[in-house]
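Thanks for coming, everyone. Please take a look at the structure on the screen, and then I will walk you through its contacts.

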Amino acid sequence: MFLIVVVSYILSIPFDTQPSPEVQKAFDYIENLPESSVILFSFDHEASSLPEIKPITLALLRHAFRSKAKVVGLSLFAEGTAIGYRMMTKAADEFGLKYGRDYVFLGFKPQHISAILGIGESITRVFPEDYLGNKTDTIPIMRGINNYDDIDMVITIADGDRPAQWIEYGGARYNQQIMAGLTAAMITSYDPYLASGQLYAVVGGLKGAAEYENLYGKRGGGNRGMLAQTSAHFYVIALIIIGNIIYFRGRKQQGRG
Amino acid sequence: MWFDGSTLPTLIFSIISFIIVLYTIWSVRSGRKFKIREIPGLNAVEEAVGRATEMGAAILYTPGWGGDIQRPTTIASMNILSKVAEKTAEYDCRLLYPTHDPVIMAVAQEVAREGYARAGYPERFKADDIFYISSSQFGYAAAVDGIISRSKPASIFLLGTFEAESLILAETGNSIGAIQIAGTDSTIQLSFFIVACDYTLIGEELFAASGYLSGNESILSSVKAQDILKILIALFIIISIIWATIDPSSTWWQF
Amino acid sequence: MQTRIPLLVCLISGVIMFAQYFSSLPIAKSIYENILEWWQIIFAFTLFVGVAAFIKTNLKSISQKKETPYRTISLIGLFLMPILALIGGTKIDSPFLWAFENMQAPMQATVFSLLAFFVASASYRGFRARSISASILLVTALIVLIGRVPIAELISESFPKIGFWIQNYPSMSARRAILIGIGLGSMTTALRVILGIERTYLRGN
Amino acid sequence: MDFGTLIAGILTLAIYTFLYKDNPIYRIAESWLIGLSIGYTLVIFWQTTLVDNLFNPLFGDGKLVMILPLILGLLMFSRFSKKISWMSRIPIAFMIGAGAGVAIPAMLYARTLKQVSASVVPLLGEKGAFNFEALVVVVGLLSTLAYFYFSREHKGIMGKAARLGTYFLMIFFGTTFGYTVMSRMSTFIGRIDFLLTDFLHVIK
């Protein structure tokens, strides 16, 4: 498997992919945002899922910055903290944006449920200081952002059940609109929330990132991995089929004996 | 406003639920017996302990990574642990219990100690076999994985809250040929447990199983209460769908 | 007293947090905010207790000469991070963050990527069409696996569509039932906890 | 190549030695990871919670009410003394009670009520077209609920419904399995990307 993935990764041919409806919806929302809308990015993942998370996040961040949204970042997973900051500054630098005026990173808060609920009351109270140690209420971008009333969309970038808590506490209680960037593994868990409208849209997995990149018009990490992804899938499919052939042969012989 | 009107449906539903829960608790206390349907996998508990004893190998029990002590799954897992500890005490089989949470560790030690005492062998209990390893998901996964491949337990119980570490644990267990009994409410992980384990308790089955095994009245009554609520929900859905089909402009069923 | 006080504390904090949901009074909000903040702080303390327990068990096994090198390495790593944080802070470009980004994060991601191999071996060994249920599981998994890579669209336009249909309707409905069931289960457990009927957490001191 | 990438590359390969079998190199890396990760969490919690939300308000701004959570927090340490260890139950009870109180309305509303009303879709669409999808969802939902009905043995109609429910469950698990495989492969591809691009410079 090592070999298959390595070879197909080096080869890497770009694919044209049809965007799935959810990705299209997410893209349209950010594309049509009025200037200076506020988007809250929550980096709710561990360092381990970075390979999948990174292309999704960068695609969404770039797009948000291009739509001239104000972006507030934070993290409800200790390990998402430094990663979130790095990705935000990386994307912002591409657009020449200024920290504190166009975007801000508030850092990490443990006990996510109380943090999510706390933001509904007062975001500066939950985060008295930002990641760099500035007093939150003195940061220009934070003027006029007190709680969910001032936030247009929460985008939770997650590899676990944080989006559920955003929905159950932020969404249910404060009517906050929520969108999610998910690892592929998490997608089906959130289907009911998507169907019920509790979750606005989902960009899921490397495929979702590739689709988003295509819509956005700049190919990146999502597209680069697609051929390797395809060959890995076919490898697994082959394993399943071989496993079953062996199983049924064994059973047939047992039946005869 | 002392009352937020938009929360009215939740309040009504809460009150209905409370009444039903309290009713079932009351009726169990006043001697009514609730039966729970048979759950496959429960009979395997004894088999799993017995097999470990025969092989002279240990049993590994873990509540997974991600749950804390107030998670219903963790509580359910504790109830089953209590029963398993009783059995391992009886058969004098070693019980390893690695966890990611210090509070869970402390509670599990107590629960297991009681189980051993109940079986009549308090001296067989080893507190050090129930231990904290790491709060980090993959620190925990790597460590438990190491324990499985080094100590080669004959049976593995994976009952509780699991996230991505589930597959590492279940597959490693599978590869050393252990009997595996898994149960969780984490739906993603269930698909792996079903593939890699011998028995899997799906979602609520874990709660019901803990009531069934422990005979704990309060859990049994909750299971009953949930069943009543499920019937109400099913009726609500059927009625409102018929209603909505006949009168598509109706919205009374929307919350 | 040893159980009564905790039960009372649990009851009071539970009832307050339940009741405030239905109110929009300022006083309710303020009590609620405070409780949330305290909750966070206490939680942080429990972590420190956990670490103390971890150090204790490690020192114990070192003194018993069990796995000494590995245990020592763990302890060094544990103390290294706070020391680095004390020396250079935790901000961008600090040694603390360097250690996180160049040691902890890559190792974690690598352990995570081992899952790919476990997935492969699980697919090979465990994924057998033993029964109707197992066959359904297998077929759906195959449809998704093929449907979610770009090549599927080249084979047939409808492939990804079948995948989406399965995901959005039958699969979603089962997930929804699980969600409702777990919601009800969590609710009854929470109620038992507040009322002091469920006391598992009080054990183990 | 900078020093950081070199270290990261070596540690990455050390973890991959596990694919051959459990060995001392892997175990050293594993122990190192366990230590680092605990140390990291410790530092972050100290800073973001204790310093920002407790020590600064209490000692800096003189918010005396914060003595209460401080005491509750310190009570956790009573665990280390046999005599007073019961006192650590108080902070735990506080957290559990608060968690349970918040959870009840949240669970009932977001997980139950919302999901129930989302399932109510007219079976006949506009112009009387039959909505097959809505029917599938309702049948799936009700039969899966029947599977999770514990008060009665699965026989008769209930048994048939529950059986149907397991099929829906298996479809769900199958879909999830597919997506999870996808996810895991992506992570692996990500590590390969690191090894080939940053560490070995095979790809530019």
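Across the interface of chain D and chain C, the rule finds one salt bridge. By salt bridge I mean a side-chain nitrogen of Lys or Arg within 4 Å of a carboxyl oxygen of Asp or Glu. Here the partners are Glu67(C) and Arg27(D), with N to O at 3.4 Å.

A word on the source. This is a predicted model: local features need pLDDT of at least 70, side-chain atom pairs count only at pLDDT 80 or more, and totals for chains, interfaces and linings use all residues. Residues are numbered from 1 along each chain as its sequence is written, chains are lettered from A and ligands numbered from 1 in the order in which they are written, and side-chain values use heavy atoms, with hydrogens and water left out.

Back to chain D and chain C. How many residues of each are in contact? The count is 106 residues of chain D and 104 residues of chain C. Contact means heavy atoms within 4.5 Å. The size of an interface is often given as the accessible area lost when the parts come together. For chain D and chain C, the buried area is about 10200 Å². Carbon and sulfur atoms give 81% of that. Buried area is what two parts lose in accessible area (1.4 Å probe) on being put together, summed over both.

Now polar contacts. Between chain D and chain C there are 16 residue pairs, both residues at pLDDT 80 or more. The term covers a pair of N or O atoms within 3.5 Å; within protein, one must be able to donate a hydrogen and the other to accept it, and residues adjacent in sequence count only if both atoms are side-chain atoms. On the side of chain D that touches chain C, the elements giving two or more residues include helix 2 (24–60) and helix 6 (156–199) of chain D. Helices here are DSSP runs (H or I, at least four residues), strands are runs of E (at least two), and both are numbered from the N terminus. By class, that side of chain D has 71 nonpolar, 27 polar and eight charged residues. Ala, Val, Leu, Ile, Met, Phe, Trp, Tyr, Cys and Pro count as nonpolar, Asp, Glu, Lys and Arg as charged, and the others, Gly among them, as polar.

Next, chain A and chain C. In contact are 57 residues of chain A and 47 residues of chain C. The buried area is about 5000 Å², with 64% from carbon and sulfur atoms. There are four salt bridges between these chains. One of them joins Glu33(C) to Arg125(A) at 2.7 Å, N to O. Arg125(A), Glu33(C) and Glu37(C) form a linked salt-bridge network. Which helix gives the largest share of the side of chain A that touches chain C? That is helix 11 of chain A, with 17 residues. The residues on that side divide into 29 nonpolar, 17 polar and eleven charged.

Over all chains, the search finds 25 salt bridges. Take Arg111(D) and Glu168(A), at 2.6 Å, N to O. This pair crosses between chains, from helix 4 of chain D to helix 7 of chain A. Are they buried or exposed? Arg111(D) is buried, at 15% relative accessible area. Glu168(A) is buried too, at 3%. Buried means under 20% relative accessible area, exposed over 50%, and partly exposed in between (1.4 Å probe, protein chains only).

On to chain B. Asp185(B) and Arg71(B) form a salt bridge, their closest N and O atoms 3.8 Å apart. The two sit 114 residues apart, in loops of chain B. Asp185(B) is buried at 11%, whereas Arg71(B) is partly exposed at 22%. Lys230(B) and Glu204(B) also meet in a salt bridge, at 3.0 Å, N to O. Lys230(B) lies in helix 9 and Glu204(B) in helix 8 of chain B, so the pair ties together parts 26 residues apart in sequence. Both residues, Lys230(B) and Glu204(B), are buried.

Last stop, Tyr149(D). This residue lies in the loop between helix 5 and helix 6 of chain D. Tyr149(D) is buried, at 12%. Leaving out residues up to four places away in sequence, Tyr149(D) touches Arg37(B), Asp227(B), Ile231(B), His154(D) and Met158(D).
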